[in-house]
Amino acid sequence: MISSNPASAGDDKLASDVKGNMVSGNHIHSEKVENKQRNFQQQNCDILLNTFQIKKKRYKVLLNCDHIVWERLESKHSSASKNARHSEKTPASALPVVNEAAAQKEAEYEREQLSQRATYGSLSNVVHLREVVRVAKGSSKSATVRNAYQTLEQPTREAQGHATPTPTDQYLSVYYAERIVASSTDCNRWHIRRLTLHNNDSYIVAKWYENLQSLLQRYSETRVKRLLVFINPYGGRKMGLQIFERSCKPTIQLAGIDASCIITQRANQIRDILMSHDLTPFDAVCCVGGDGTVAEMINGLILRAMQDRNVCLRKPDDIPKPHLPIAIIPAGSTDAIVYSLHGTSDAQTATIHMVLGQRRGLDVCSIRNNDGIIRFCASAMGYGYLGDVAAKSEQYRWMGTKRYEYTGVKAFLSNRGYEAEVKMLLKDDETKGTLSPSQGELICHANCETCRKLASNDIDADKPSSSHSSLHLQHKMETKSTIDNEHSRNLDRNDSDKDYSNKPMEKQTQIKALIKEDYDDVITSDQERPISPSSTSTSSDNAQQPQYLQVAASDSQFGNNVPKWRIIRGEFFMITATNITCACTRSPNGMSKYCHLGDGHLDVVLVRKTNLLNNVRFVINTMGRNGDIRNLPFIEVYRTKQFIFKAKPNITPQDYNSIRGSCQPIADSYAEADANRPEGLYSSWNCDGEVINDLEITITSHRQLIDVFMRGPYIYSKPSLNNSDNKSIFCCCHSDT
Ligand SMILES: Nc1ncnc2c1ncn2[C@@H]1O[C@H](COP(=O)(O)OP(=O)(O)OP(=O)(O)O)[C@@H](O)[C@H]1O
């Protein structure tokens with residue numbers, strides 16, 4: 001049904017679009033209009049077209065199944081000149097972008113979304129109903145605002161069987177979320193806007209209100225109604241409560257969400273509450289805090305799901321997915337999880353993603369020692385530099401966020417490298433070593449296809465390492481590694497003396513020598529393996545690629561693309577396994593720019609022990625927007641589902657028993673545990689900001705184990721300088737890099 005205001009219907013493009021009778025100008029595509037009409041019929045929804053006043057100007061306003069569209073009513077002359085001005089603007093797609101492939105994908109999606117706008121005309125304002133938070137009516141503008149913030153939506157009198165009263169309201173307010181594209185570097189913040197429509201005919205206002213309410217019902221299933229909120233008043237600048245009051249509460253009220261808030265009194269209280277209380281009244285859990293608080297919430301929900309299904313908490317056969325989705329409001333010191341999910345650590349943006357109800361699965365890692373699962377981790381696990389920072393920073397919490405800078409510098413200067421062995425389960429195409437971004441690597445973004453794809457042919461790596469398949473592989477690997485131990489130890493010793501600083505080829509050859517590959521039954525040294533003609537190409541591009549990548553290419557030609565264990569030993573400045581990019585305001589690209597939120601893989605970043613200047617290069621490249629650590633010769637990046645870490649491979653059982661153990665950083669026992677450690681020999685693991693002192697751990701990625709209210713970051717699209725990859729490395733010591 002089309003209801004239109006007879007006074008002005010049919011005289012402008014908007015009306016002709018809707019009716020689909022005429023096609024005028026470049027903006028209207030008859031096919032699209034037909035499709036739209038078909039959709040309308042299928043969904044049996046009314047189309048409303050009326051003239052309203054918006055800020056005392058007359059607008060033609062259209063409501064169809066998905067969109068509210070409004071277009072200024074004005075003289076043809078001024079409209080034509082505006083159109084001309086508009087067409088002069090440079091299209092966004094013409095701008096060069098940093099990650100072209102990813103930005104192109106995102107642009108495609110945006111175009112799809114905006115195709116509606118093209119159908120309506122370039123001067124139309126369009127809001128998708130998916131972004132509408134609330135609709136309210138009233139006899140005045142202020143009355144609509146008052147009504148919008150009222151908590152309960154009373155059922156209409158009609159629904160209760162009473163006769164409908166004569167409508168009197170002449171104002172209608174639509175509250176919707178809008179992404180702010182303030183600049184190329186700042187395109188991920190959202191805010192709430194209000195569109196107030198005025199019409200003297202209160203029947204029209206009532207009709208619009210009813211239609212909007214019924215169309216919004218479509219989204220009600222995915223939107224939160226009853227929310228459990230944990231507020232950590234202790235994290236970050238101790239502003240959790242204020243952030244919630246100022247940035248979240250108004251939006252939560254506007255969305256009509258019934259929120260129950262708990263202010264935490266101690267560490268681990270969130271986990272304990274989630275594991276012991278009845279959660280059935282809630283349909284989502286939210287935390288206001290930093291990464292440690294998020295980790296607590298995720299651990300609590302996963303352990304609760306395991307407990308509810310009577311799964312062994314230490315050695316489960318399978319890890320069940322919690323049924324409650326989570327929302328995260330940033331109020332910590334780093335807020336890397338929120339930044340990686342939304343591309344910003346703006347609290348209102350995080351709240352908007354929660355109230356709009358769009359969710360995506362987030363990978364979570366389990367961390368195990370010999371006794372079973374220690375904890376689950378959602379962001380990053382770091383040994384070496386990051387571990388030292390976490391271990392030392394807690395005692396300086398009184399410094400606030402500055403504690404990371406202070407302990408960061410201390411840990412940086414005192415890092416002499418840590419001996420370790422890493423075993424990873426890799427497929428050939430997951431061996432990224434120094435794979436350059438130009439080779440088609442996509443940044444995870446809103447509507448990311450990599451995360452949507454189902455990994456149907458993957459090994460069952462979501463099963464814990466205690467499951468049969470993993471144990472089998474692990475056992476074989478252990479046997480091989482014992483045979484091979486002596487030889488590799490010699491190599492490792494040599495390796496620690498080497499300088500990788502500016503010799504990529506030499507470094508690649510050394511790395512190649514350090515990698516042992518396990519083809520289930522046979523250990524084949526790189527030298528013995530066939531090199532295909534393509535891998536011996538003399539092109540300069542290929543010459544820059546690591547040798548073991550070339551070997552990997554030859555494997556796939558032999559059809560051997562099953563995951564294999566690879567062992568890497570050496571001395572490292574830092575070993576990091578990232579679940580997300582780990583971006584934050586200080587490091588907008590994060591530790592692993594190309595890590596995906598829901599692909600079931602970890603990015604393992606190995607930073608070899610080199611010299612102080614190279615460590616500085618690494619830090620500068622991690623912090624810069626244009627830097628890419630993968631181009632640095634002493635860094636290797638791998639993508640794996642599971643990896644096993646051993647500190648100092650020749651550790652004795654006595655050493656191990658005296659050192660191992662994990663604790664919360666806030667606990668008093670922390671200092672005690674640290675005091676037992678031999679100075680400078682071992683680092684700790686930093687898992688979501690918590691310290692783990694175990695020296696042998698297995699980390700497994702579990703694909704999309706928890707649902708989070710998010711869309712993923714939108715791609716940063718600053719015009720590039722068309723630099724080659726290497727040019728984007730910042731170096732403090734070489735003018736050419
Ligand atoms: N009332 C409280 N008193 C003391 N500790 C608390 C309290 N509530 C929560 N905690 C603990 O505080 C720890 C630190 O909080 P959180 O991680 O949120 O802040 P942060 O460390 O400043 O931020 P980030 O992790 O982003 O750097 C958490 O591990 C949590 O268990």
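How do the residues of the shell around the ligand divide into nonpolar, polar and charged?

**View 1. The shell around the ligand.** The shell residues divide into four nonpolar, 14 polar and four charged (Ala, Val, Leu, Ile, Met, Phe, Trp, Tyr, Cys and Pro count as nonpolar, Asp, Glu, Lys and Arg as charged, and the others, Gly among them, as polar). This is a predicted model, in which local features need pLDDT of at least 70 and side-chain atom pairs count only at pLDDT 80 or more, while totals for chains, interfaces and linings use all residues. Numbering starts from 1 along each chain as its sequence is written. Of the 22 residues around the ligand, G235, G289, G290, G292 and G332 come nearest (a residue is near if its C-beta atom, placed from the backbone, lies within 6 Å of the molecule). Helix α9 (residues 291–308) supplies the largest share of the shell, four residues (helices, H or I, at least four residues, and strands, E, at least two, are DSSP runs numbered from the N terminus).

**View 2. Domain 1 and domain 2.** Domain 1 covers 45–72 + 124–149 + 167–220, and domain 2 covers 226–357 (bounds come from an automatic or database domain assignment). Their contact takes 14 residues from domain 1 and 15 residues from domain 2 (C-beta atoms, placed from the backbone, within 7 Å). On the side of domain 1 that touches domain 2, β8 gives the most, with four residues. That side has eight nonpolar, two polar and four charged residues.

**View 3. Helices α7 and α11.** I243, S247, C248, T251 and I252 in α7 meet A347, Q348, T351, I352 and V355 in α11. The residues of this contact divide into six nonpolar, four polar and no charged.

Technical notes:
Contact = placed C-beta atoms within 7 Å.
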